[in-house]
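Please look through the structure below with the sequence at hand. The paragraphs after it go from the ligand surroundings to the chain as a whole, and then to one helix.

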Amino acid sequence: MANQDYNVIQLLEMGACTNCTVCADVCPAVAASLDGELSAIFRMKGLNQILKGRSGLFRRLFGKKGPAEDQLKHFSDTVFRCTLCGNCQEVCPVGIHLKDLWLSLRQDLVHSESYPKKIDMIRENLEESRNVFAEDNEERAEWVEDMRDAPDHGYLKNRAEVVYFTGCVAAYFPLAQKIPIALAEIFDAGEVGFTLLGEEEWCCGFPMLGAGLKDMLQEFMDHNIEAVREKGANEVVLACPSCFQMWREYYPHEFQITHASQYLMRLVKENRIPFKELPMTVTYHDPCDLGRGARVFDEPREVIRSIPGVKFVELPKDRENCQCCGGGGNLEMIDAKLSAEIAKRKIEEVMSTGAEAVVTSCQQCVRTMMTYVRRNKVPLEVLDITQLIHKALKR
Ligand code: SF4
Ligand code: SF4
């Protein structure tokens, strides 16, 4: 393991933990597994021990060694069984940036060759296909063919003011492809001049961060920035909160970066979306990266409330306290059972509101919750905010 994977602030923060256990109380992985070793407090203790064991001075003074291989393997298993939901960071009274720490720790474990083998698959997929699913990248915009009235240009224009960056999940997963279809039709209704990047869109890089493969990131960012520049665009719209977070926090600030829910709110305020009455009771699930991560709480709610006929009810745990759906942090690839168990608790919470539909603003949340609902025949509709607006479009 290499201490260079942590910045100075992180190294200082590690010593600040007061063992208060608040982080364990809100952790969806702990609640779903009843395994305290998945908590932030356990991880902090393990990390501190490992770093001290590595330090030459500490070793000389106290004769401690680095962790044995099997100990490290066990620790690594707990580190990757986390959705990176950031709830621990939200409640930590000392203000430790736990989510960033988990990303650095994953990178450290990859450098130390102690990581789940699925990470190799993610790396190979990205290197060979430029997307996480090993799909043909030329087929990124194939979902356009499923639209009823797709224009001849297939939304692949040489120049446009707005680039809609779809993200890997929406581009390739049939369950999630309804989101770009809905957004493209809303954009058409609102006369938004936009283009896709098609095969020139590469993975945004978020799966690399989550997998501890930060070293690969730069090449992908450089490629995507150049692809947007070539379109002459000044704004990038993203319906995926993880892509949104990457473009906001890791890419150079060259373009206006807007989440789809924010763009929809702009269209609503400008009266550019013709609505019909939609009599439905819905609740809203805040995606972790959009809510806790980017503090976008109000815009999706305003958009939902603007639809005539829709009754909106909040979840018991909403906004910054919203419980993860189980779909983050590459958890589904690492431990599908735990991911499904977290989704179960989420759906139970949703059902307690009496809503007919749970609306969210994330393709991965839709995929995770929808998979659980379908497998378990739960009478609940799962919709992205783009799909809700699409349902309410007056044609
Ligand atoms: S990020 Fe979420 S799942 Fe991971 S340790 Fe923190 S609270 Fe638990
Ligand atoms: S909430 Fe923060 S201070 Fe408390 S145990 Fe967790 S990491 Fe340590």
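Which of the 14 residues around ligand 1 come nearest? They are C27, C82, C85, N87 and C88, where a residue belongs to the surroundings if its C-beta atom, placed from the backbone, lies within 6 Å of the molecule. The model is a predicted one, in which local features need pLDDT of at least 70 and side-chain atom pairs count only at pLDDT 80 or more, while totals for chains, interfaces and linings use all residues. Residues are numbered from 1 along each chain as its sequence is written, and chains are lettered from A and ligands numbered from 1 in the order in which they are written.

Two or more residues of the shell around ligand 1 come from each of α3 (28-33), α7 (87-91) and α8 (98-111). Helices here are DSSP runs of H or I with at least four residues, strands are runs of E with at least two, and both are numbered from the N terminus. By class, this shell has 10 nonpolar, 3 polar and 1 charged residues. Ala, Val, Leu, Ile, Met, Phe, Trp, Tyr, Cys and Pro count as nonpolar, Asp, Glu, Lys and Arg as charged, and the others, Gly among them, as polar.

Around ligand 2 there are 13 residues, with C17, C20, C23, I41 and C92 nearest. Both α2 (22-25) and α4 (40-54) supply at least two residues of that shell, and α4 gives the largest share, 3 residues. The shell around ligand 2 divides into 10 nonpolar, 3 polar and no charged residues.

The chain as a whole holds 20 helices and 8 strands. Buried residues, those with 20 or more other C-beta atoms within 10 Å of their own C-beta, make up 48% of its 395 residues. The largest nonpolar core has 117 residues, and L183, V236, L238, C243 and M369 have the most contacts inside it. Such a core is a set of buried Ala, Val, Leu, Ile, Met, Phe, Trp, Tyr and Cys residues joined through C-beta atoms within 7 Å. The element that gives the most to this core is α8, with 7 residues.

That helix, α8, has 14 residues and spans 20 Å from its first C-alpha to its last, close to the 20 Å expected at 1.5 Å times one less than the number of residues. Because 12 of its 14 residues are buried, α8 is largely enclosed by the rest of the structure. Among the buried ones are W102, R106 and D108. After α8 comes E113, with a positive phi near 60°.
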